[in-house]
Amino acid sequence: MLRVEQLDAHHGLLHAVRRVSLEVADGETLALVGANGAGKTTLLRTIAGGHRASQGRILFDGVDVSSLPAHRRVRLGITLVPEGRRLFPEMTVEENLLVAGRGNGEWNLGRVYDTFPMLRPLRKKRAATLSGGEQQATAIARALMTNPRLLLIDEASLGLAPIAVERVYESLEAVVGGGTTVVLVEQDLGRALAVSSRVACMLEGRIVLEGAAAEITREQVVEAYFGLKRRNGKAVQQ
(Lines give C-alpha, C1' and ligand atoms only; values in the text may rest on other atoms or scores of the structure.)
Protein backbone atom coordinates (compact mmCIF):
# COMPACT_ATOMS: atom_id res chain seq x y z
CA MET A 1 0.00 0.00 0.00
CA LEU A 2 2.72 2.47 1.00
CA ARG A 3 6.22 2.64 -0.43
CA VAL A 4 8.77 5.24 0.65
CA GLU A 5 11.83 5.48 -1.56
CA GLN A 6 15.07 7.18 -0.53
CA LEU A 7 13.21 9.91 1.35
CA ASP A 8 15.01 12.98 2.70
CA ALA A 9 13.45 15.76 4.78
CA HIS A 10 14.99 18.84 6.39
CA HIS A 11 14.18 21.40 9.05
CA GLY A 12 16.28 24.26 7.76
CA LEU A 13 19.85 22.99 7.94
CA LEU A 14 18.88 20.00 10.06
CA HIS A 15 18.76 16.79 8.01
CA ALA A 16 15.93 15.11 9.93
CA VAL A 17 15.15 12.15 7.62
CA ARG A 18 18.01 10.57 5.70
CA ARG A 19 17.46 8.28 2.70
CA VAL A 20 14.62 6.36 4.33
CA SER A 21 13.05 3.53 2.35
CA LEU A 22 10.24 1.35 3.70
CA GLU A 23 7.10 -0.48 2.66
CA VAL A 24 3.81 -1.07 4.46
CA ALA A 25 1.44 -3.75 3.20
CA ASP A 26 -2.34 -3.55 3.21
CA GLY A 27 -3.66 -4.52 6.67
CA GLU A 28 -0.22 -4.37 8.32
CA THR A 29 0.70 -2.52 11.50
CA LEU A 30 4.20 -1.05 11.51
CA ALA A 31 5.62 0.28 14.77
CA LEU A 32 8.14 3.07 14.24
CA VAL A 33 10.39 3.44 17.30
CA GLY A 34 13.43 5.48 18.20
CA ALA A 35 14.71 8.10 20.64
CA ASN A 36 13.55 11.71 20.66
CA GLY A 37 14.98 13.50 17.63
CA ALA A 38 15.40 10.31 15.60
CA GLY A 39 13.17 11.65 12.81
CA LYS A 40 9.98 9.68 13.45
CA THR A 41 7.58 12.63 13.60
CA THR A 42 9.13 14.28 10.55
CA LEU A 43 8.82 11.02 8.60
CA LEU A 44 5.13 10.66 9.47
CA ARG A 45 4.38 14.32 8.68
CA THR A 46 6.19 14.00 5.35
CA ILE A 47 4.18 10.91 4.42
CA ALA A 48 0.97 12.74 5.40
CA GLY A 49 1.88 15.87 3.44
CA GLY A 50 2.38 18.17 6.42
CA HIS A 51 6.12 18.48 5.75
CA ARG A 52 7.83 18.83 2.40
CA ALA A 53 10.24 16.13 1.27
CA SER A 54 13.66 17.33 0.13
CA GLN A 55 14.24 14.27 -2.02
CA GLY A 56 12.79 10.83 -2.73
CA ARG A 57 9.31 9.53 -3.45
CA ILE A 58 6.18 8.49 -1.55
CA LEU A 59 3.99 5.99 -3.40
CA PHE A 60 0.46 5.12 -2.27
CA ASP A 61 -1.10 2.22 -4.14
CA GLY A 62 1.60 2.72 -6.76
CA VAL A 63 0.74 6.40 -7.30
CA ASP A 64 3.38 9.03 -6.57
CA VAL A 65 1.83 11.39 -3.99
CA SER A 66 5.07 13.18 -3.09
CA SER A 67 3.91 16.55 -4.44
CA LEU A 68 0.28 16.37 -3.28
CA PRO A 69 -0.88 18.65 -0.43
CA ALA A 70 -2.11 17.09 2.80
CA HIS A 71 -5.83 17.48 2.06
CA ARG A 72 -5.44 15.61 -1.24
CA ARG A 73 -3.68 12.77 0.57
CA VAL A 74 -6.53 12.60 3.10
CA ARG A 75 -8.97 12.18 0.22
CA LEU A 76 -6.85 9.29 -1.05
CA GLY A 77 -6.95 7.68 2.39
CA ILE A 78 -3.81 8.83 4.28
CA THR A 79 -4.62 10.36 7.67
CA LEU A 80 -2.33 11.51 10.50
CA VAL A 81 -3.06 11.61 14.23
CA PRO A 82 -0.53 14.30 15.16
CA GLU A 83 1.61 14.43 18.26
CA GLY A 84 -0.18 16.61 20.81
CA ARG A 85 -3.66 15.63 19.48
CA ARG A 86 -4.40 19.08 17.94
CA LEU A 87 -8.11 19.02 18.71
CA PHE A 88 -10.36 22.07 18.35
CA PRO A 89 -10.48 22.93 22.06
CA GLU A 90 -13.75 24.91 22.16
CA MET A 91 -15.63 22.34 20.07
CA THR A 92 -17.32 19.32 21.62
CA VAL A 93 -16.07 15.78 21.13
CA GLU A 94 -18.83 15.12 18.62
CA GLU A 95 -18.13 18.33 16.73
CA ASN A 96 -14.46 17.36 16.49
CA LEU A 97 -15.53 14.03 15.03
CA LEU A 98 -18.09 15.45 12.60
CA VAL A 99 -15.72 18.05 11.19
CA ALA A 100 -13.55 15.18 9.90
CA GLY A 101 -16.41 13.03 8.59
CA ARG A 102 -15.95 12.09 4.95
CA GLY A 103 -18.47 10.24 2.81
CA ASN A 104 -20.45 7.16 3.81
CA GLY A 105 -17.58 4.83 4.61
CA GLU A 106 -17.43 2.19 7.31
CA TRP A 107 -16.29 4.63 9.96
CA ASN A 108 -19.15 6.80 11.21
CA LEU A 109 -20.24 8.14 14.59
CA GLY A 110 -21.85 4.86 15.62
CA ARG A 111 -18.83 2.72 14.84
CA VAL A 112 -16.44 5.23 16.41
CA TYR A 113 -18.45 5.27 19.64
CA ASP A 114 -18.58 1.48 19.64
CA THR A 115 -14.79 1.31 19.22
CA PHE A 116 -14.10 4.10 21.74
CA PRO A 117 -16.95 3.59 24.26
CA MET A 118 -15.43 6.09 26.69
CA LEU A 119 -16.30 8.87 24.21
CA ARG A 120 -20.05 8.26 24.04
CA PRO A 121 -20.86 9.89 27.42
CA LEU A 122 -18.38 12.69 26.63
CA ARG A 123 -19.78 13.60 23.22
CA LYS A 124 -21.18 16.98 24.35
CA LYS A 125 -18.12 17.99 26.38
CA ARG A 126 -15.65 20.55 25.04
CA ALA A 127 -12.34 19.03 24.00
CA ALA A 128 -10.45 21.44 26.27
CA THR A 129 -12.06 19.88 29.34
CA LEU A 130 -11.03 16.29 28.53
CA SER A 131 -8.23 14.33 30.20
CA GLY A 132 -5.15 13.42 28.17
CA GLY A 133 -6.39 9.91 27.51
CA GLU A 134 -9.82 11.16 26.44
CA GLN A 135 -8.20 13.69 24.11
CA GLN A 136 -6.01 11.00 22.54
CA ALA A 137 -9.01 8.73 22.01
CA THR A 138 -10.86 11.65 20.40
CA ALA A 139 -7.90 12.42 18.14
CA ILE A 140 -7.68 8.82 16.90
CA ALA A 141 -11.47 8.64 16.50
CA ARG A 142 -11.46 11.91 14.52
CA ALA A 143 -8.84 10.48 12.17
CA LEU A 144 -10.95 7.35 11.68
CA MET A 145 -13.91 9.53 10.67
CA THR A 146 -12.01 10.35 7.47
CA ASN A 147 -12.27 6.62 6.63
CA PRO A 148 -8.52 6.20 6.15
CA ARG A 149 -6.88 3.32 4.36
CA LEU A 150 -3.58 4.25 6.04
CA LEU A 151 -3.66 5.61 9.60
CA LEU A 152 -0.50 7.32 10.89
CA ILE A 153 -0.44 7.72 14.70
CA ASP A 154 2.28 9.86 16.26
CA GLU A 155 3.08 9.09 19.93
CA ALA A 156 -0.03 7.17 20.96
CA SER A 157 0.81 7.01 24.67
CA LEU A 158 2.99 10.10 25.22
CA GLY A 159 2.19 11.89 28.48
CA LEU A 160 -0.71 9.61 29.43
CA ALA A 161 -1.34 7.91 32.76
CA PRO A 162 -1.00 4.10 32.68
CA ILE A 163 -4.77 3.56 32.96
CA ALA A 164 -5.35 5.97 30.06
CA VAL A 165 -2.76 4.14 27.95
CA GLU A 166 -4.53 0.87 28.67
CA ARG A 167 -7.87 2.22 27.52
CA VAL A 168 -6.47 3.83 24.38
CA TYR A 169 -4.70 0.62 23.39
CA GLU A 170 -7.77 -1.50 24.02
CA SER A 171 -9.57 0.59 21.41
CA LEU A 172 -6.54 0.70 19.12
CA GLU A 173 -6.38 -3.10 19.09
CA ALA A 174 -9.96 -3.10 17.79
CA VAL A 175 -8.90 -0.73 15.00
CA VAL A 176 -5.96 -2.94 14.06
CA GLY A 177 -8.11 -6.07 14.33
CA GLY A 178 -10.60 -4.51 11.93
CA GLY A 179 -7.98 -4.47 9.18
CA THR A 180 -6.98 -0.80 9.15
CA THR A 181 -3.39 -0.32 7.99
CA VAL A 182 -1.45 1.53 10.71
CA VAL A 183 1.97 3.13 11.13
CA LEU A 184 2.42 3.79 14.84
CA VAL A 185 5.10 5.91 16.49
CA GLU A 186 5.46 4.70 20.08
CA GLN A 187 7.98 5.23 22.87
CA ASP A 188 6.73 2.23 24.86
CA LEU A 189 8.64 -0.68 23.31
CA GLY A 190 6.47 -3.29 25.01
CA ARG A 191 3.30 -1.77 23.57
CA ALA A 192 4.89 -1.32 20.15
CA LEU A 193 6.04 -4.92 19.91
CA ALA A 194 2.72 -6.30 21.20
CA VAL A 195 0.40 -4.48 18.82
CA SER A 196 2.50 -4.51 15.63
CA SER A 197 3.19 -7.04 12.93
CA ARG A 198 6.47 -5.31 12.00
CA VAL A 199 8.92 -2.94 13.68
CA ALA A 200 11.30 -0.32 12.29
CA CYS A 201 13.77 1.55 14.49
CA MET A 202 15.11 4.99 13.53
CA LEU A 203 18.39 6.52 14.65
CA GLU A 204 19.60 9.96 13.55
CA GLY A 205 17.17 10.09 10.65
CA ARG A 206 17.85 6.59 9.31
CA ILE A 207 16.15 3.23 9.69
CA VAL A 208 18.75 1.04 11.39
CA LEU A 209 16.63 -2.03 12.19
CA GLU A 210 13.54 -3.47 10.54
CA GLY A 211 11.77 -6.81 10.70
CA ALA A 212 8.80 -8.86 11.84
CA ALA A 213 7.82 -8.09 15.44
CA ALA A 214 7.73 -11.80 16.26
CA GLU A 215 11.32 -12.25 15.06
CA ILE A 216 12.97 -9.20 16.63
CA THR A 217 13.91 -9.31 20.30
CA ARG A 218 13.48 -6.45 22.71
CA GLU A 219 17.26 -6.50 23.19
CA GLN A 220 17.84 -5.94 19.45
CA VAL A 221 15.41 -3.03 19.42
CA VAL A 222 17.04 -1.42 22.47
CA GLU A 223 20.50 -1.73 20.92
CA ALA A 224 19.29 -0.15 17.67
CA TYR A 225 17.37 2.51 19.61
CA PHE A 226 20.53 3.71 21.37
CA GLY A 227 22.94 3.08 18.49
CA LEU A 228 24.72 0.16 20.16
CA LYS A 229 26.50 -2.77 18.55
CA ARG A 230 27.87 -6.05 19.86
CA ARG A 231 31.53 -6.62 20.72
CA ASN A 232 32.56 -9.79 22.51
CA GLY A 233 28.96 -10.36 23.56
CA LYS A 234 28.54 -6.87 25.05
CA ALA A 235 26.60 -3.88 23.71
CA VAL A 236 28.82 -0.82 23.16
CA GLN A 237 28.20 2.61 21.63
CA GLN A 238 28.88 2.79 17.89
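Predicted model: local features only at pLDDT ≥ 70, side-chain atom pairs only at ≥ 80, totals over all residues.

User: How many residues line the largest pocket, and which lie nearest its centre?

Analyst: There are 22 lining residues, and Thr 79, Leu 80, Val 81, Pro 82 and Arg 142 are the ones nearest the centre. The space inside comes to about 530 Å³.

User: Which helices and strands supply at least two residues of that lining?

Analyst: Look for α1 (40-48), α2 (70-76), β6 (78-81) and α5. The most comes from β6, which gives four residues.

User: What volume does the second largest pocket have, and which residues lie nearest its centre?

Analyst: Its volume is about 220 Å³. Of the 18 residues in its lining, Asn 36, Gly 37, Ala 38, Gly 39 and Lys 40 lie nearest the centre. Both β2 (14-24) and α1 supply at least two residues here, and the largest share, four residues, is from β2. By class, you get four nonpolar, nine polar and five charged residues.

User: Now the inside of the protein. How many residues does the largest nonpolar core have?

Analyst: The idea first: a nonpolar core is a set of buried residues from a list of nonpolar types, joined through side-chain atoms within 4.5 Å. Here the largest one has 35 residues, and Phe 116, Leu 119, Leu 151, Ile 153 and Leu 184 have the most contacts inside it. At least two core residues each come from α3 (93-98), α4 (109-115), α5 (132-144), β7 (150-154), α6 (162-177) and β8 (181-185). The top contributor is α6, with seven residues.

User: Which residues is Leu 119 in contact with, leaving aside its neighbours within four places in sequence?

Analyst: Find Leu 119 and you'll see Tyr 113, Glu 134, Ala 137, Thr 138 and Ala 141 in contact with it. There's also a second, separate core of 27 residues, and Leu 44, Val 65, Val 183 and Met 202 are among its members.

User: How do I read a pair of aromatic rings?

Analyst: You describe such a pair by the distance of the centres and the angle of the planes. This structure holds one aromatic pair. The ring centres of Tyr 225 and Phe 226 are 4.9 Å apart and the planes are at 55°, so the pair is tilted.

User: Are Tyr 225 and Phe 226 buried or partly exposed?

Analyst: Buried means under 20% relative accessible area. Tyr 225 has 12%, so Tyr 225 is buried, whereas Phe 226 is partly exposed at 48%. Tyr 225 belongs to helix α8 (residues 218-225), where Val 221, Glu 223 and Ala 224 are buried too. After α8 comes Gly 227, with a positive phi near 70°.

Terms used: Residues numbered from 1 in each chain as written. Heavy atoms only, no water. Buried < 20%, exposed > 50% of the residue type's maximum accessible area, 1.4 Å probe, protein only. Contact = heavy atoms within 4.5 Å. 1 Å grid on protein atoms, 1.4 Å probe; cavity = no way out; pocket = protein on both sides within 12 Å on 5 of 7 lines; lining within 4 Å. Points joined across faces, edges and corners; volume = space filled by probe spheres on them. Nonpolar A, V, L, I, M, F, W, Y, C, P; charged D, E, K, R; others polar. Phe/Tyr/Trp six-rings, centres within 6.5 Å; stacked < 30°, edge-to-face > 60°.
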